[in-house]
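Hello,

Here is the structure I promised to pass on. Please open it first, then read the notes below.

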Amino acid sequence: MIRISIDAMGGDHGPEVTLPSLLRVAERRPDARFLIFGREEEVRPVLDRLPRLEEVSDFTHCEVAVRMDDKPSQALRNGRWKSSMWRAIEAVKNGEADACVSAGNTGALMAMSKFCLRTMADVERPAIAAIWPTIRGESIVLDVGATIGADAQQLVDFAILGAAMANALFDIDQPTVGLLNVGVEEIKGQEEVKEAGRMLRDAALGTMQYQGFVEGDDIGKGTVDVVVTEGFAGNIALKTAEGTARQIAEYLRAAMSRTLMARIGYLFARDAFQRLREKMDVRRTNGGVFLGLTGIVVKSHGAADEEGFAAAVELAYEMVKSGVFERTRATLDLYHAHRPVTPTGAVSNA
């Protein structure tokens with residue numbers, strides 16, 4: 001049985017979306033069980049309409065719901081110990097749940113997750129990792145919004161975290177890893193990125209294949225299994241890709257309905273367009289994983305519909321089932337145990 005705690009109040013739609021989404025997951029993943037946290041007056045009417053979900057769920061009333069516009073400091077001050085978001089995270093800390101999923105305020109979720117779960121040893125900051133559809137299949141991109149600005153060591157840690165996730169989810173022994181940069185030449189880019197590249201080459205980790213620098217267009221090509229960047233650039237890349245997918249879908253929809261011949265042509269190519277629509281559907285890859293914490297937390301897009309939130313819950317399910325957390329911790333421990341130490345006792349980045 002895989003137990004997933006749910007912040008039912010998160011997102012733009014709250015229980016009206018989060019709870020029916022869980023029913024979809026329960027039908028596809030019969031070994032999943034849910035710990036649902038939220039306000040009883042909003043959760044109970046929806047839950048009463050879903051008796052099948054009640055059979056595989058436990059509900060806990062929480063008097064506070066974190067608002068989407070709350071600052072992280074406000075969320076911690078007003079919601080610690082008693083909000084649905086905090087209680088869902090705390091369930092992972094206490095061993096009651098194997099993973100947590102919320103569509104709530106990203107800053108608040110990250111702040112509460114760091115405060116409640118803490119980061120793994122030697123990891124200074126966690127990262128948000130997203131699964132990215134590519135021409136070759138799927139890649140992992142991180143960080144897509146947790147850390148604005150990152151030094152060389154943090155980028156190396158992100159590479160290790162992302163490679164461990166790719167190893168577990170994609171079943172790849174040595175995932176290929178690239179650092180996102182403005183060019184593939186070693187002389188280009190910020191000093192932090194160039195230094196991280198040198199550190200990854202010198203480390204020669206057996207758990208990954210470091211391929212060097214990659215550019216923005218390499219993300220969609222699937223040039224590497226794991227693309228590493230800091231959160232500012234990663235978040236812009238993610239939002240740009242989502243917007244572009246919607247833009248192309250709208251262009252196609254308009255073109256296919258413009259003339260009678262276009263509509264007839266669509267009928268003949270309907271299966272092909274359906275496959276394209278599925279490939280471009282951002283709901284299929286909804287869910288960002290907070291990597292580097294001592295537990296699994298998945299952030300769903302706040303505007304996600306039922307299928308989108310279900311995808312985030314299923315991502316949490318797969319993270320648990322594939323043992324990502326255990327592999328990540330083992331890889332990080334191995335790397336940091338072999339980093340060179342200076343005569344003063346400080347760990348060197350050389």
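The expected span of a helix is 1.5 Å times one less than its number of residues. Helices (H or I, at least four residues) and strands (E, at least two) are DSSP runs, numbered from the N terminus.

This is a predicted model: local features need pLDDT of at least 70, side-chain atom pairs count only at pLDDT 80 or more, and totals for chains, interfaces and linings use all residues. Residues are numbered from 1 along each chain as its sequence is written, and side-chain values use heavy atoms, without hydrogens and water.

Start with helix H14. It has 14 residues, 324–337, and should span 20 Å; its end C-alpha atoms are 20 Å apart, which agrees.

Its buried residues (under 20% relative accessible area, 1.4 Å probe, protein chains only) are Val324, Phe325, Thr328, Thr331, Leu332, Tyr335 and His336. They cover an arc of only 135° around the axis (taken from the directions from the axis to the C-beta atoms), so they sit on the same side of H14. They pack against helices H7 (152–169), H8 (191–203) and H13 (306–321), and strand E11 (296–299).

Ser322 lies in the loop between H13 and H14. At 13% relative accessibility, Ser322 counts as buried. Its contacts (heavy atoms within 4.5 Å) are Ala168, Leu169 and Arg327, leaving out residues up to four places away in sequence.

Now the cores. A nonpolar core is a set of buried Ala, Val, Leu, Ile, Met, Phe, Trp, Tyr and Cys residues joined through side-chain atoms within 4.5 Å. The largest has 71 residues; Leu19, Phe34, Leu53 and Leu142 have the most contacts inside it. H7 gives the most to this core, 11 residues.

Best wishes

Terms used. Buried < 20%, exposed > 50% of the residue type's maximum accessible area, 1.4 Å probe, protein only.
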